[in-house]
Every structure is written in structure tokens, then in C-alpha cells.
Amino acid sequence: MPSITTPLQLTAAAALLQNQGLKPFPPSLATAIQTFNATTLISNLAAAVSFYKAQTFATAATLNSLLSIGNTVCPALGNSIPASPVGTYTYLNTEYLVNYLGTVDGSTLDPSGFSNLIEQTCAAYLGNGDLGRFSQGFMAVQSYIASTNNYINSSVNANQYLGPTFVNMDNLVTGGISSVTTDLESFGVDLDKQGNLWNTAKLDLYGTPAGLLQQISAQAGIQGQTIPALQNVMLAMGMTTTDIENLVTDNRVGVFNPAGISNNEFDRAQRLAYNAFTMISGDPLAQILDILDVTTPNIISLEQLLDPVKTFPLSYPSLQAPGANGPVPIFSANGSVNTTIAPIVNSYLPAATGCDELGKIIPPADAIANKAIQLGLQQINNIPNVPLPDLAEAVLGAVNNPWLATNAYLPNDVVSTGAPIPEYYRATQEVPDGTDINNTAYWTPTTLGGLSTMSGLPLIQAQTTPVATSVTDYFANTVATGTGPDGTITTYDVLGLALDADNFAAQLNTATTAIDALQAAGSLATLNTAYTNILLAANNAAVITQIANANAAISALSASPYVTTLNTAWVYMANLMNLSARYTTEAGIDYFNLQTGDKNSVYGFVQNLPQYARLTANGDAAEFLDNLADTAVLGGQAMVGAMREGRNQAQLDANGIHNANQVPSNAEVEPIPVVLPVN
């Protein structure tokens, strides 16, 4: 059996398994972090934090206060995560605040400073030098992005795509069938008993003599004529063999049949056929019903198969036709045809096939009802490709299988009783012939799993759009937070820090310049003193005092334009870091606790490269991996090559070109000939 590995994938996997092929930590970002941390102020703060952690009097609460200095005024001066009113960053706080001295706060990381959190997060996204860890995280991120974007895009598209055809949720979930009837079960039973009465691929002939005659001939396997019993009566009623052939072959003039007879000639033959149908009863009728597999009760002459009251005895009061303001009943409360719908039906149908034309061939009320039913059936999804028995099974959940006491049955066979609305039973074991349906040792009542509406769910049934505004607003405002189209999430939104795609280096350099300027102006003297005094603290109270002094010193600087500069840089980075942390949290990925030495994830990542290669939208996986691959080495080039190969393969496959680029996984194989033989 061939493997799913190509030579390029083998090369990429060999490099990744040796932790090669991806670019290292972004050099400019590393330099910017080191330079920021090396400023006098941040060096003093880092020394204070390290000192405090080593003291026996240290507490988690005071450590958190130390790590939060300046967070409400100028967090950069305390190397802290911003807090209100500067900003609120729930996901960063979850990652940043530490489990210390047994205190549990759900955190995973102890960076001792926001700049260090940036460094450790970037390193974690890159796997901390372990590309098995990188592969684990990347595959999980792609799964999260794909599933989330599916919901974002669907929420945007739902009302736009489905809205123009949306009637109600019942109609939507039943493929349009509930728009035809308000009583699905009775409708299903009636359809089931109709057998092969109509050809759903030719609904324009629904309820017409020609449509019925064509079905009789088709089901009997006769071409150009019909069964003898009917043929003879039709000839006796004044029809010619040519008339019959024209009806059976549907020889109407049209674009694809320019030599056909006119509509008037076709309808003339239909009128004669209808008169002949009234003469068919008894054994000839029974023969036709058997040919069509019709088991509808109380049919005593052939023309009654064109009367919807007869063919839908259980469900005709529930039948509907589409109208401008929703479905319209086809029958009135007293059971008569609702003739007022004729103009509505005619407005949907070509004039030559409307109610008035058919009303010249069969009784006018039957013509209106049949054309209305035709119009309703045409609203059902894909109806031309759904034979009538399949439609019945879809609605009801089972084919017609009446129970016969003289039959034996196998386990799980389902049978129906002969009631007007049948009850259904399932065989619990092999059933000997003659076993009564009420014998609970062999039979148990069952349901068939037919179609369901939203009955009992009034809020759903009341919707006038496929998706409520509250739902689309939720996705738009809460989930669609990425930078892709319509707020979709890109790979860069989650992992952009691995490439410093948002130029954190420049923000940190700006912060370093501002702190150096404040330092040179002597504006940080009090703050530096607070930090260095922590190194002299003999107890926790002394540290708390210096934390208060530090916050006061920062507050005293709040009007400085350098504080504005620092806050702008800090908020920019915190916003992006918080959003990235949100995404990894929602994806269930703890980047700081991924499994080390995981080769299986590398294999999976490499096997997925052809799929990632096709995610070519701006900021998506293909662009990210192209930029992350270290093309200075063979493995990195192989990774990029494998993605190009994947895109090529998709193109070749789409055009039927076979490409023998996969290496068989068998132990020993014959090589591909240099010159392929020509058959």
C-alpha cells in the first residue's frame, strides 16, 4: 500500500525531527527585549523581583502586587500588564500571574515582567527549540481556526444565502416538504399508497391524462402505446393510435422537439383520453393499479387518479400551494377546492399549462387542485430526481410493507397495519408464519423516523429569517475578532508573534527610548529608589511600602508625554498578546505545557503540509509557514517545496493528471522505469 509521503515530505520530516528547518526566535525582537530589560529602571525592577522571590517572608499576594506596579497608570514603568483604566487583559493575566507558595490561580507561566512574557510566549510558539512541540501547537491552532471560521462565515452567509428562499424553519428543515402539507404523517401515508402514480421528473404533467398515461406505459414497459385493456377503450372512444402515441411519447412541440404537435392538438388528445379513463373500472382498473403499485383505497374508475380528494384521502385538507405571503390552503374548510387560489397558481406557471388550460380537459376544480399541488411539489428540493416512492419514504420513514399473517419475517423487519393511518411493528426475532401482530414475544410497536417539524418550539417557528439577529450579532461581536474577512481568524492572529509579524521590536525600542529619556532627565529617581530599596527590605511590610512608593512615583509622572508614548506601545502589544492568548485558550492549547520530544506530531504536521499549502488567504497557514521556514537549509526548503507540491497536486488532480510522486511504504519495491511503457 503506498504511503502518503513524497520525497520532499521525507526531507522536511528528517529536518524537523532534528529540530531544523524553521527560523529561530526573531533576532530583532530578541535584541529589543534584551535592550529594554537592560535599562537601569527595568534592571532594578528585575533585581527587586528576584530578591523578593527568594525571601522566606514572601507571599503570593505581595508578589502579584510587585508584578503589577504601575499597571493602572503606566505599566511599562513596572514592566506589568495593563489594568483598567489603561486596559483590561483577562487572558494575559491568566497566563502571567503565577502559582506561588501554593496559591492556585490557573496560571501557567512565571515570566516576572511583560517583556519576558513576550519572550517566553514567542519561544513557546516556536516550540522552545523542540519542533515536535511546535507541530503539536500548530496543528491544534489550525483545527481551532478552521472550526471557528466555519461558524463565523456561516453566521455571515446564513441569512444572505438562505434568506431569499426562506419561508420558515419547518420548510427549511424538511427540504420544502412541509410547505406542501401541514400533516406530514397523513401526507406520507397517501404518497406511500400512490406507488408510482406520477413521474416527479415531469411535474408539468402532474394531474393530467397524458402524465398518467405515460406512467402506465412506462411502468408496464410498453413504448408508443399503452396496455391493451386501456388501448382498446381509447380507440373505441374515437382516439387514433397516433393520438395515443403522441400522449405516451409526450410529443409536444418545443425547443427540443420542433416537429411535435401543437399544444391544442395535444390537449385535444388528452380530452379524449380523459373520457376513456371514465370507462375503465373493474379488472382493467385493477390491472392498472397493480402496474402503478397504487394501493389507495376507494378508486373505482381510472379518472379518479386525477382527483386529489381521491388520491390524497387522508391529507388533502392539509395540502398547500406557495403564495406571495406564505403557503395558501388548496382546499377550503368544507373540503371543496379553494378556487380563489387559481390566479395565484397561474401567476407561477406558464400560461399554456395553467389551471384554465387543464380545466378544459378535466373538471375545473380538479385542474386547480392538481396545478396547485404541482406548484407545491416543485418547491421540494431536488424533486425531479426523487421518485415518488422515495419521496414517500423520506416523509414517512418507511416503504409500504403491509403485515400479512401468512408470511414469515426476519428479525428487524418492519411491517404496517391496514389502518387508515398505519401503525408500525418491528420483529424482535425471526417470526414464524401465522404469528399474530399482537404477539409481543415477536412484535413490538415502532416508529419509522419520518420527517419532523419544529412543532412545540414556538420561538424557532416564529423566526422570519434563518438565523435570528441576536445570533448573528453574537458571532459578529464576540467570535469574529480576527483580522481576516468578516472577522475570521488567521494564523497570524494566533501565532504572529513567532515571526514578530506585528513588529513588537519597534514598540519595545520606542519604550526603551522613552525610559532612557526619563532616566536622563532625572524623572525616574524616586521610582528607581523604590525598586532598589526592596533589596534592603527585612520583611514583607517593607516591600509593600516600597511597592506603594513605586506606584506613587509613577502616578506623579502621569502627565508626562513619555507616559503617553509608553502606554501607546504597551497597549498595542497587550491587545495583540491578549487576543492571541484568548485564541489559544479557546483552542484548549497550553503552549507552556506541550509534550516534549513528540515525533508523532512532526509526522502529522508534515503529512498535513499539502493541506496547509492550500490555505492561501492573506495571513493564513501557507503564508505563515512560507515565512517561518528557514530556506537557508535543506529542510526548510523542502518544507516550502512540499507545500508547492501540494498546490501542484491539487491542480493536477483537478485536471485528471496522475502524478507518481508518493513513495511506496512496502519493504521492497520495483523502481519506476526510466521510460514508461506505452500500452
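Reply: The account below takes the pockets in turn and then passes to the nonpolar cores.

The model is predicted, with a mean pLDDT of 91 for the protein chain and 93% of its residues at 70 or more. One stretch to treat separately is residues 101–108, where pLDDT stays under 50; the model gives this stretch 21 contacts beyond four places in sequence.

The largest pocket has a volume of about 400 Å³. Its lining comprises 18 residues, and those closest to the centre are Thr-165, Phe-166, Val-167, Asn-171 and Gln-379. By class, this lining holds 7 nonpolar and 11 polar residues, with no charged ones.

The second largest pocket has a volume of about 300 Å³ and is lined by 22 residues. Nearest its centre lie Thr-483, Tyr-492, Asp-493, Gly-496 and Asp-502. Charged residues do occur in the lining of this second largest pocket: they number 4, beside 11 nonpolar and 7 polar. Helix H22 (491–495) and helix H26 (561–586) each contribute at least two residues to that lining.

The largest nonpolar core contains 93 residues, of which Leu-77, Phe-114, Phe-605 and Leu-625 touch the most other members. H26 provides the largest share of this core, 8 residues. Apart from this core lies another, of 68 residues, including Leu-184, Ala-210, Ala-367 and Ile-383.

Beyond its neighbours within four places in sequence, Leu-77 is in contact with Leu-41, Ile-515, Leu-518, Leu-524, Leu-527, Tyr-531, Ile-554, Leu-557 and Leu-566.

Terms used:
Residues numbered from 1 in each chain as written. Predicted model: local features only at pLDDT ≥ 70, side-chain atom pairs only at ≥ 80, totals over all residues. Heavy atoms only, no water. 1 Å grid on protein atoms, 1.4 Å probe; cavity = no way out; pocket = protein on both sides within 12 Å on 5 of 7 lines; lining within 4 Å. Points joined across faces, edges and corners; volume = space filled by probe spheres on them. Nonpolar A, V, L, I, M, F, W, Y, C, P; charged D, E, K, R; others polar. Helix = DSSP H or I, 4+ residues; strand = E, 2+ residues; numbered from the N terminus. pLDDT = per-residue confidence, 0-100. Contact = heavy atoms within 4.5 Å. Core = buried A, V, L, I, M, F, W, Y, C linked by side-chain atoms within 4.5 Å. Buried < 20%, exposed > 50% of the residue type's maximum accessible area, 1.4 Å probe, protein only.
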